[in-house]
Amino acid sequence: MTTPEGSTNNASNGSRDLPSDSLEILQLSDPHLFADPEGRLLGMRTLPSFRHVIAHASKNLPSIDLALVTGDLVHDASPAGYSLLKKELANLGIPSYCLPGNHDSPEILHRSIAGNPVDTPFSIQKKGWSIILLDSNLPGCAAGYLDEIQLAKLQDTLSNHPDHHTLICLHHHTVAIKSQWIDAIMLSNANDFFAIIDCHPQIKGIACGHVHQSFEGRRNGVLLMGTPSTCFQFTPKSAGFEIDNKTPGYRHLTLLPDGAILTSTFHLSQYTYSIDRSSSGY
Ligand SMILES: [Fe+2]
């Protein structure tokens, strides 16, 4: 692991003078930690790769205001695993906001993590932006679902802050990414979600995890972003479950006062790890 390998898939911030009141965000996703620091997923130790990503991002992005951690936080959903996550995130020295994925227990997550500087809020308001963190966990199911409570809170928060540019975060992807197996476990009631999104022009971006790969797209002018995992990646556009060769990664977002979003993803330039590529799922 040495220098950053950036993949600038949307808009680079390299050639633009950024206003001082822009909001700088590190998105981490799918760390899949365990209670056991030696814990492995498909043979890969997930804690060391998480630590390498955090160290890399801290060096590569020195002016980050906050971190968003978009689910599949603790693979065994254990209180000890969440305590470990909290301890590791605290090393960033900035506020970190977490939401659950399909491998998490929302209840244990909130109980174990809520506090300062690591927290599990529904929304935060900063520098003229709202950031909304949705819980798309459906117990016992790999696909995502936003229940009536989540949808009502989303609607209320958007109605209460109509003048704030808004970034929505959730674990599951909300549009298909042309990978058959993972599109079968995306947000299952995306129509309910977009019925609300489409009525609120202040929404500028939707960032997810779950897909273990980088993607960007647009829907009705809203930027859609998928983010690499801090452990292994999935091969884009594969019909069945397949592990990619890409190294652990993360996303950088700059939210500008005019509502624009600049974003890039980064992968560790070198990271050697063992993994079972013959697995048919995880
Ligand atoms: Fe995951």
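The protein chain contains six helices and 15 strands, where helices (H or I, at least four residues) and strands (E, at least two) are DSSP runs numbered from the N terminus. Its radius of gyration is 17 Å, close to the 19 Å that the globule rule gives for 282 residues, so the chain is as compact as a globular protein of that length. The radius is taken over C-alpha atoms, and the globule rule is 2.2 Å times the number of residues to the power 0.38. Along the principal axes, the C-alpha atoms of the protein chain fill a box of roughly 50 × 40 × 40 Å. The structure is a predicted model, in which local features need pLDDT of at least 70 and side-chain atom pairs count only at pLDDT 80 or more, whereas totals for chains, interfaces and linings use all residues. Residues are numbered from 1 along each chain as its sequence is written.

Six strands form an open sheet with mixed pairing, in the order E8-E9-E10-E11-E13-E12; two strands pair if DSSP finds at least two bridges between them. Strand E8 (123-126) and strand E12 (215-219) are the edge strands, each pairing on one side only. On average, neighbouring strands of this sheet are turned by 15° against each other, direction ignored. For this angle, axes are lines fitted to C-alpha atoms, for helices over the stretch in contact, and angles run from 0 to 180 degrees between N-to-C directions.

Gln125 stands opposite Ser130 in E9, and Lys126 stands opposite Trp129 in E9. E8 and E9 form a hairpin with two residues between them, and Lys127 in the turn has a positive phi of about 50°. Phe215 stands opposite Gly226 in E13. A hairpin with two residues between the strands is formed by E12 and E13, and Asn220 in its turn has a positive phi of about 50°.

Helix H2 (residues 79-90) and helix H3 (residues 106-113) have axes that come within 9 Å and cross at roughly 50°. H2 and H3 are therefore oblique to each other, given that angles under 35 degrees count as roughly parallel, over 145 as roughly antiparallel, 65 to 115 as roughly perpendicular and the rest as oblique. The crossing of H2 with H3 is right-handed; a crossing is right-handed if the near helix is turned clockwise from the far one by less than a right angle, and left-handed if anticlockwise. Pro79, Tyr82, Ser83 and Lys86 in H2 meet Ile108, Leu109, Ser112 and Ile113 in H3, contact being counted if C-beta atoms, placed from the backbone, lie within 7 Å.

Most residues other than glycine have a negative phi, and most peptide bonds are trans. Asp30, which is not a glycine, has a positive phi of about 55°. Asp30 is placed in the loop between strand E2 (23-28) and strand E3 (40-41). Asn116 and Pro117 are joined by a cis peptide bond, with omega about 10°. Pro117 lies in the loop between H3 and strand E7 (118-119).

Methods: Two residues are in contact if their C-beta atoms, placed from the backbone, lie within 7 Å.
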